[in-house]
Amino acid sequence: MAGVRSTIAGYEILSVIMEGKNSTVYQALDRQTRWEVAVKTVTVGAPKFKLRTRQLRWEYRLRERLSHQNLIKIHKFGQTRALAYLVMEYFRSQNLRELMRSSDAIPSERVIEIISQVAAALHHLHRNGIVHRDVKPENILVNSVGVVKVIDFAIAVEVNKQWTRWFGMRRGVRGTRTYMSPEQIRGKRLSPLSDMYSFGVLLYELAAGRPPFMEIGPDQLLASHLEDAPPPLGRLVPDVHPGFEELVNMMLAKSPRMRPPDMLTVQRRLREVSLYR
């Protein structure tokens, strides 16, 4: 395992789960409990180290108010002279993006089960005053028996406080452009209905195999979220269930007031539909 640290703050490193531009996530072993954990690290000297460290600390602070079977559990935050780290539950899984790209089609009933769990996790976040702000397939883990965990609360905001100075929103819009709500693009104060829009983009993509707005260019993509109607899902997927298409269209409304009122409503509607006829 050349190039991989052997230990971090008492955790024995087993493998690299994910290596990004700003952080690395390891599979590790807690030497005291012998439990497997995931450890997200940001190394001193990495770009925006102070910002990334504040984000890790913020994720840790959120553990005090979040406890749900479909949210990843956060255990510990710490710093050494070399890095900052966040210790989390280890969840052996694929992310939803990987699952969508696999050669085997996801059965319709399993899709509904997966997205219902995501809706339940988001409802818990929203009920506790948190907007995730980065709902996308990469932040949804699904294990071999279909259990879901929503991850990555680094840029989440409190509904009532929205401490934008922490996360640099004044310097630009934060989130993933493909899934951004119109109000997120405009830099307005966010509500749970912003996550509702992002989740609608994800549902559209699950059905159609592509998001409603394709990235011709970053500016055009954002303009499409603000101004354009998505291509009718039924035109791209003729056998899509009409109830599913209707729900997605409501979630993708440009005005938050036209979307379903909350994720509990989405969960209830999902019980009444399937993905395909």
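User: How many of the 20 residues of α3 are buried?
Analyst: Helix α3 is mostly covered, with 15 of its 20 residues buried, where buried means under 20% relative accessible area, exposed means over 50% and partly exposed lies in between (1.4 Å probe, protein chains only). This is a predicted model, in which local features need pLDDT of at least 70 and side-chain atom pairs count only at pLDDT 80 or more, while totals for chains, interfaces and linings use all residues. Residues are numbered from 1 along each chain as its sequence is written, and side-chain values use heavy atoms, with hydrogens and water left out.

User: What span should α3 have, and how far apart are its end C-alpha atoms?
Analyst: At 1.5 Å a residue, the 20 residues of α3 should span 28 Å, and the end C-alpha atoms are 28 Å apart, which agrees; the expected span is 1.5 Å times one less than the number of residues. Helices are DSSP runs of H or I with at least four residues, strands are runs of E with at least two, and both are numbered from the N terminus.

User: And what follows α3?
Analyst: G129 follows α3, and its phi is positive, near 80°.

User: Switching to the sheet: what's the strand order?
Analyst: Six strands form an open sheet in the order β1-β2-β3-β4-β6-β5, with antiparallel pairing. The edges are β1 (7–8) and β5 (74–79), each of which has a single partner strand, so one side of each is left without a neighbour in the sheet. Helix α1 (residues 49–62) packs on this sheet, touching β4 (36–43), β5 and β6 (83–89), and the direction of α1 makes about 145° with that of β5.

User: How many bridges join β4 to β6?
Analyst: Seven bridges join β4 to β6, and the two run antiparallel; strands are taken to pair if DSSP finds at least two bridges between them. Within this pairing, A38 has M88 in β6 as its bridge partner.

User: What about β5 and β6, what do they form?
Analyst: β5 and β6 form a hairpin with three residues between them, and they pair in the antiparallel sense over five bridges, with V87 in β6 as the bridge partner of K76.

User: Why is β6 described as largely enclosed?
Analyst: Seven of the seven residues of β6 are buried, so the strand is largely enclosed by the rest of the structure.

User: Which residue meets E89 in a salt bridge?
Analyst: The side chain of E89 meets that of K149 at 3.3 Å, N to O, a salt bridge being a side-chain nitrogen of Lys or Arg within 4 Å of a carboxyl oxygen of Asp or Glu. The pair links distant parts of the chain, with E89 in strand β6 and K149 in strand β10 (residues 148–150), 60 residues apart. E89 counts as buried because its relative accessibility is 17%, and K149 counts as buried at 7%. By this rule, the count of salt bridges comes to eleven.

User: Where does K136 lie, and is it buried or exposed?
Analyst: K136 lies in the loop between β8 (130–131) and β9 (140–142), and at 17% relative accessibility it counts as buried. The side chains of K136 and D134 meet in a salt bridge (3.6 Å, N to O), and D134 is buried as well. Leaving aside neighbours within four places in sequence, K136 is in contact (heavy atoms within 4.5 Å) with T176, Y179 and L202.

User: Over to α9: what covers its buried residues?
Analyst: In α9 (residues 242–251), G243, F244, E245, L247, V248 and M251 are buried, and what covers the buried residues includes α3 (108–127), α6 (192–208), α8 (233–236) and α10 (263–270).

User: At what angle do α6 and α9 pack?
Analyst: They pack at an angle of about 145°, with axes 8 Å apart; axes are lines fitted to C-alpha atoms, for helices over the stretch in contact, and angles run from 0 to 180 degrees between N-to-C directions. The crossing is left-handed, that is, the near helix is turned anticlockwise from the far one by less than a right angle, whereas clockwise would be right-handed. M196, Y197, F199, G200, L203, Y204 and A207 in α6 meet F244, V248 and M251 in α9.

User: Which residue does R269 form a salt bridge with?
Analyst: R269 forms one with E246, the closest N and O atoms being 3.3 Å apart. This pair links distant parts of the chain, R269 in helix α10 and E246 in helix α9, 23 residues apart. E246 is partly exposed, with a relative accessible area of 45%. Elsewhere, salt bridges that share partners join K40, E59 and D152 into one network.
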